[in-house]
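Let's take a friendly look at the aromatic side chains in this protein. Here are the sequence and the structure.

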Amino acid sequence: MAYTGYGITIAFSNGFLAEITDTTPPSWSRGAIDVSHTASPDGARQFIMQDLVDYGELAVTLNFDPSAVAPIHDDFETTTITMPDGATWTFQGALQDYSSTGPLDDRMTATATIKVSGKITIA
């Protein structure tokens, strides 16, 4: 199944709204721990997986509104991404980075990075 990104919405419990033009959903990662030793079989490195998962960050590009105040000082809050098919990704997120541009002959845009804390719930 293929979808376009048209219709993706992001809701923050503090009520911050934006006209989103591009979304990069969080990517999940789990580190590997090197447990190699001097008698590792066949001279090959050996690993075990870390117990904790890092649910990463949500990156968005949006139409910049100079009168809107980005909630950079807010704590983690409930953040919900609603996908075009109606699936939701809900997590605790906090604005980690926010920057804007104002080109001479194009629309003004902003980029925001929201750090995920804890697990993402998909429904």
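Which residues form one aromatic cluster? They are W28, Y55 and W89.

## About the model

This is a predicted model, in which local features need pLDDT of at least 70, side-chain atom pairs count only at pLDDT 80 or more, and totals for chains, interfaces and linings use all residues. Residues are numbered from 1 along each chain as its sequence is written, and side-chain values use heavy atoms, with hydrogens and water left out.

## The two pairs

Searching the whole structure gives two aromatic pairs. Rings of Phe, Tyr and Trp (its six-membered ring) pair if their centres lie within 6.5 Å; planes under 30 degrees apart count as stacked, over 60 as edge-to-face and the rest as tilted.

Strands are DSSP E runs of at least two residues, numbered from the N terminus.

W28 also pairs with W89: the ring centres are 6.0 Å apart and the planes lie at 45°, so this pair is tilted. Here the partners are 61 residues apart, with W89 in strand β7 (residues 88-101).

## Buried or exposed?

Buried means under 20% relative accessible area, exposed over 50%, and partly exposed in between (1.4 Å probe, protein chains only). W28 is partly exposed at 45%, whereas Y55 is buried at 14%. W89 is buried too, at 17%.

Terms used
Helix = DSSP H or I, 4+ residues; strand = E, 2+ residues; numbered from the N terminus.
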